[in-house]
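My plan was to look up a few residues, and then the whole, and to write down what I found.

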Amino acid sequence: PLPPLPPGVHKLQAFARDANMTGKLELGRSPLSLTVEHTNKLQLMRELAQKDQAIREKSAHIASLTRQLELTRPPKLQTNLHGARVPPQPPRNLESGAAASLGEGGGAGEDAAPLLGFVGINSGPSMKSRRNALRNSWLPRGEELSALERVHGLRVRFVVGYSNLAVPDSTDAEVDAELAAHGDVVRVRHQEVYSSLTDKTMLFFSEFSQTYPADF
């Protein structure tokens, strides 16, 4: 290994022993240029301290948001003296004035029985063929869908926004008809744009935590 070098540009010569091990030959690319940059240990320590402080502030902010989310969640399901699960309180109303929310097609309008988990499947208004593909494969339909909730405590719904949030168009009307026919769709007040899929997911999580008495 090289000894510590002062900052600056250094030239290094590289040699190798000849075949007879009696002399040494300089390698073809020698001399080599090596630049040693000046390092300010005090400045480096300051930068590390600043990054550490930023991480601590972010962690505190995340902890604060987590506590706020816990306050908005429905209370954990309780059991009575006989071990039976106690039905939860009626779910809170969502934002007033919402024409369509998670309460339609599988939300607050249904019997608010205790649920083990809720599975939300993101889907666009025009993706009816894909929804039908799931209905024809693993997703139960009709009475089987109700039995999945009643027996296993699992509710599965397609989460669909709006093709035109301001003035619902024919595509949105088709989704509403699909909801009436299958009962496995929930609508969120979100303009469906692929680039804002994350916003739609966060909106769904936010409303879900206030609407569904589910453990997961």
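I began with R141, which I found in the loop between α2 and α3 (143-152); helices (H or I, at least four residues) and strands (E, at least two) are taken from DSSP runs and numbered from the N terminus. This is a predicted model, in which local features need pLDDT of at least 70 and side-chain atom pairs count only at pLDDT 80 or more, while totals for chains, interfaces and linings use all residues. Residues are numbered from 1 along each chain as its sequence is written, and side-chain values use heavy atoms, with hydrogens and water left out.

I noted R141 as partly exposed because its relative accessible area is 40%, where buried means under 20%, exposed over 50% and partly exposed in between, with a 1.4 Å probe and protein chains only. Leaving aside neighbours within four places in sequence, I listed R135, N136 and H182 as the contacts of R141, a contact being heavy atoms within 4.5 Å. I also looked up R141 and D184, which are 43 residues apart in sequence and 8.2 Å apart in space, C-alpha to C-alpha.

Next I turned to E178, which has its place in helix α4 (residues 170-182). Is E178 buried or exposed? I put E178 down as buried, because its relative accessibility is 4%. Setting aside the residues within four places in sequence, I found E178 in contact with K128, R131, R135 and G183.

Beyond its neighbours within four places in sequence, L2 is in contact with L12 and L34.

My next entry concerns E192, which lies in the loop between β7 (185-191) and α5. The C-alpha atoms of E192 and Y162 are separated by 5.6 Å, although these residues are 30 apart along the chain. Not counting residues up to four places away in sequence, E192 touches S123, G124, P125, V160, G161, Y162 and K200.

After that I looked up the nonpolar cores, each a set of buried Ala, Val, Leu, Ile, Met, Phe, Trp, Tyr and Cys residues joined through side-chain atoms within 4.5 Å. The largest has 9 residues in all, namely I121, L139, L148, V156, F158, V160, V175, L179 and V185. The elements that give two or more residues to this core are β6 (154-162) and α4, and the largest share, 3 residues, comes from β6. Apart from this core I noted another, of 8 residues, among them V159, F204, F208 and Y212. For L139, the residues touched include V156, F158 and D184, with residues up to four places away in sequence not counted.

I went on to the second largest pocket, which has a volume of about 270 Å³.

Last, I recorded the protein as a whole, which has 5 helices and 7 strands and follows the pattern β-β-β-β-α-β-α-α-β-α-β-α along the sequence. Of its 216 residues, 25% are buried. Among contacts between residues at least 6 apart in sequence, I noted that 67% join residues at least 24 apart.

Notes:
On a 1 Å grid over the protein atoms alone, a cavity is a set of points where a 1.4 Å probe fits but cannot get out, and a pocket is an open set with protein on both sides within 12 Å along at least five of seven lines; lining residues have an atom within 4 Å of a point. Grid points are joined across faces, edges and corners, and a volume is the space filled by probe spheres set on the points.
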